[in-house]
Amino acid sequence: MQQLQTLDYVVFFFYFIIVAGYGYWIYHRKKNDAASTTDFFLAEGSLTWWAIGASLIASNISAEQFIGMSGNGFSMGLAISTYEWMAAATLIIVAVFFMPIYLKNRIFTMPQFLEQRYNKSVSLIMAIFWLALYILVNLTSILYLGALAVSGISGLDFDFCMWTLAIFAIIITLGGMKVIGYTDVIQVFFLILGGLATTYLALNLVSDDAGRQGMIEGFKIMTEGHDDHFHMIFDKGNPFYSQLPGLTVLIGGMWIVNLNYWGCNQYITQRALGADLKTARNGILFAAGLKLLMPVIVVLPGIAAYSLYSRGMFQTEMLGSDGMLLPDKAYPVLLNLLPVGLKGLSFAALTAAVVASLAGKANSISTIFTLDIFKNYIGKEKTEAQLVRTGRIVVVVAMVMAIVVAPYMGIDKKGGFQFIQEMTGLLSPGIFAAFVMGFFWKRTNSAGALFAIVGGFLIALAMHNGFPPFVGWETVPFLDRMGVVFLICVVGMLILGFLAPSQNKGLEIDASMFKTHRTFTIGAVAVVAIITFLYAYFW
């Protein structure tokens, strides 16, 4: 297979110069004379709705989607899109119910919510959990998968690719949330343009290989020849039922995955926490609309690669170092078939996704450590400028840790996307229980929150590994396990809420907070209608 040609590198460096130049311009144009933590970590309300929406998508869509989800498209088909389409519905819920609570109570970090609602112990424990999760799972996975893809496409050394991606992300992150937010608009432009170009050409390759012409024909060939790859709901006989267990994706654990990720997750909510409610809601709605498009960009190319593979193409290119079929190679292998120039554009889109996501996660790691740990326990007397400097140091340290740890995490064993979902799923049920009960039940106390966060994690870990008394639970689909753990956490919190004294730390909430303006309501209804149609059509 041919590697990148001169024109591809020209397109890629054009992208690099635009992003770096625009980021530098934004940094100096919006730079304050005195650095402040709210300005550096939250952009101090300066992000517009389109910047918030683009930044949400840029931080979310990364190598785990382009490589991991595309690999799942290769192996299981369109059903993996449920993570994207259910996320669009979840974003509507977050915009209507979660954001008003955060903004009304002036909550800027997730550990701050836990301290304000419960106590410092709950906040500290959760801050440590989040840092471990963000560094050891999210940052490492994106860096590893991103470097794997970039190395496979460009032919460059894997370690060199990891360091280069990390350095590029650090440069963007050190400018603070303003630079991240506005450069993410450029990143999303390249991501969508390059992603759509890859999908268009992949579908054309399928039709050309079958002696027909056109993208539409390519799609028809895939749906007719690989009908098993175009069903959203699996029955128990499906080999991938353990990953997407039937109706659980509509009425079970998938809601916990998405509500925790989009509503209780620092590097996601951080984009909107510095804005007013209307701007935040519009930005989240914009992100929901873009989410509907993501399966077209990341899943369809994986199915196209499967269609071509089933006809005898790249039989050796899809093999891992152990000689076994490696679905995560689907997207890089496909990119190598693109024409010169367009390959550079798609390469830029993939790199944009990786760098933007790395920058977003590094910024959130920095925010949690600096504002919720360092400021409260170590540097109480530090000035704003010193805190910002600490935040920048943390960005570099976290990225170096991810580079060192990434090769040892076993990310490629189950596929990158599945690895991230299962590891995150050990914490999600307890975290979400602590948040949602803290939102809407005033008797919820710190004992209940600790039971949910720590106890929920230990129960989920025991189920995942089949430890007593949960022997045999390791064979239960992980989404179903998440649902059971969540229910255990809620029941435990209810019992402790009645047995232990109430802390009377309810949040400031009134019904008027949840009213939406007409434009948002119309857009939200449209998004939900599209999701309903897609599930009905591809059931």
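**View 1. Arg212, Glu217 and Lys220 are linked in a network of salt bridges.** The model shown here, and in every view below, is predicted. Arginine 212 forms a salt bridge with glutamate 217, and their closest N and O atoms are 2.8 Å apart. Lysine 220 forms a salt bridge with glutamate 217 too, with 3.8 Å between the closest N and O atoms. Lysine 220 and glutamate 217 both lie in helix H10 (residues 215-225); they are three residues apart, so about one helical turn separates them. Glutamate 217 is partly exposed at 22%. Lysine 220 is partly exposed at 37%.

**View 2. Lysine 291 forms a salt bridge with glutamate 84.** The closest N and O atoms of this pair are 2.5 Å apart. The pair links distant parts of the chain. Lysine 291 sits in helix H14 (residues 277-310), glutamate 84 sits in helix H5 (residues 82-104), and the two are 207 residues apart. Are lysine 291 and glutamate 84 buried or exposed? Both are buried. The count for the structure comes to three salt bridges.

**View 3. Phenylalanine 113 and phenylalanine 435 form a stacked aromatic pair.** The structure holds 26 aromatic pairs. In this one, the rings lie 4.6 Å apart, centre to centre, with 20° between the planes. The planes count as stacked because the angle is under 30 degrees. Phenylalanine 113 lies in helix H6 (residues 110-117) and phenylalanine 435 in helix H19 (residues 428-440), so the pair ties together parts that are 322 residues apart in sequence. Phenylalanine 113 is buried, with a relative accessible area of 0%. Phenylalanine 435 is buried, also with a relative accessible area of 0%.

**View 4. Ring pairs link seven aromatic residues into a cluster.** The members are Phe98, Tyr102, Phe113, Trp130, Phe435, Phe439 and Phe440. The stacked pair of phenylalanine 113 and phenylalanine 435 belongs to this cluster.

**View 5. The second largest pocket holds about 300 Å³ of space.** It is lined by 15 residues. Closest to the pocket's centre are Phe12, Val150, Leu156, Phe160 and Thr164. Which helices each supply at least two residues of the lining? They are helix H1 (6-29), helix H8 (158-173) and helix H16 (342-378). The largest share, seven residues, comes from H8. By class, the lining has 13 nonpolar residues, two polar residues and no charged residues.

Key. Residues numbered from 1 in each chain as written. Predicted model: local features only at pLDDT ≥ 70, side-chain atom pairs only at ≥ 80, totals over all residues. Heavy atoms only, no water. 1 Å grid on protein atoms, 1.4 Å probe; cavity = no way out; pocket = protein on both sides within 12 Å on 5 of 7 lines; lining within 4 Å. Points joined across faces, edges and corners; volume = space filled by probe spheres on them. Helix = DSSP H or I, 4+ residues; strand = E, 2+ residues; numbered from the N terminus. Nonpolar A, V, L, I, M, F, W, Y, C, P; charged D, E, K, R; others polar. Phe/Tyr/Trp six-rings, centres within 6.5 Å; stacked < 30°, edge-to-face > 60°. Buried < 20%, exposed > 50% of the residue type's maximum accessible area, 1.4 Å probe, protein only. Salt bridge = Lys/Arg side-chain N within 4 Å of Asp/Glu carboxyl O.
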